[in-house]
Amino acid sequence: MAILEHTLGILLHPDSEWKAIRNERHSFAQVFLSHVPFLALIPPVAAYFGVTQVGWTVGDGEVVKLTAESALSLCIMTYFALMAGVYVLGEFINWMAKTYGVADSAEQRHYEGTALAVYVTTPVFLAGIVGVYPELWLNAAATIIAGCYAVYLVYEGIPILMNIDKERAFMYATSVVTVGLVMLVIVRVGTVIVWGMGVGPVYVD
């Protein structure tokens, strides 16, 4: 039940939850595998249901849906992209740790970097549930709110999790947020490239 405990805790009382996460003695693989494969299922599963069963409209037009095969392939790619994104973000956080004076051992820094990446992306994963109703305005609002809270968690969590002073933590957190934004742009560009190769949405006639 640790996944449920930390997921709720990071949303309801992040300060104390970051302290509890720091005091745990897990490997980076344990914290990654115990959370990300499950949480990353939420957005693609919700989106699959939304785009194949509910659909969306553009203006006053008819309801638009995707074929089951097209939606399945896109959702599978999304699932693995989400897991890869969290892993890469955690590696970047770990790589930057010594630069900002994190004094823990290499193993502990690796755990802390992965844990930070896992838990700050939790709100984004949970917000993916709105994909069951794939209207642009709703999904955009949910993503923006979740993204803002994720940024807050980065700034709140780094000084506690990495045990560094607030001045260095602020610069560290800003670097993490910048990396996250760059990764988001890369994903968007990659999506365009993949679609250009013919692996794109197929609409129901």
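**Salt bridges and a helix pair**

Asp165 is partly exposed, at 36% relative accessible area (buried is under 20%, exposed over 50%, partly exposed in between; 1.4 Å probe, protein chains only). The model is predicted: local features need pLDDT of at least 70, side-chain atom pairs count only at pLDDT 80 or more, and totals for chains, interfaces and linings use all residues. Residues are numbered from 1 along each chain, and side-chain values use heavy atoms, without hydrogens and water.

**Salt bridges**

- The whole structure holds three salt bridges (a side-chain nitrogen of Lys or Arg within 4 Å of a carboxyl oxygen of Asp or Glu).
- Asp165 pairs with Arg168 at 2.6 Å, N to O. Arg168 is partly exposed, at 33%.
- Arg22 and Asp104 form a salt bridge at 3.1 Å, N to O. Arg22 sits in helix α2 and Asp104 in the loop between α6 and α7, so the pair ties together parts 82 residues apart in sequence.
- Arg22 also meets Glu112 at 2.8 Å, N to O. Glu112 is in helix α7, 90 residues from Arg22.
- Arg22, Asp104 and Glu112 are linked in a network. Arg22 is buried at 17%, Asp104 at 18% and Glu112 at 0%.

**Helices α5 and α6**

- α5 (residues 42-54) and α6 (residues 68-97) pack at about 160°, axes 9 Å apart. That makes α5 roughly antiparallel to α6 (angles over 145 degrees).
- Residues in contact (heavy atoms within 4.5 Å) include Tyr48 and Val51 in α5, and Leu72 and Tyr79 in α6.
- The contact residues divide into eleven nonpolar, one polar and no charged.

Definitions and conventions:
Axes are lines fitted to C-alpha atoms, for helices over the stretch in contact, and angles run from 0 to 180 degrees between N-to-C directions. Helices (H or I, at least four residues) and strands (E, at least two) are DSSP runs, numbered from the N terminus. Angles under 35 degrees count as roughly parallel, over 145 as roughly antiparallel, 65 to 115 as roughly perpendicular and the rest as oblique. Ala, Val, Leu, Ile, Met, Phe, Trp, Tyr, Cys and Pro count as nonpolar, Asp, Glu, Lys and Arg as charged, and the others, Gly among them, as polar.
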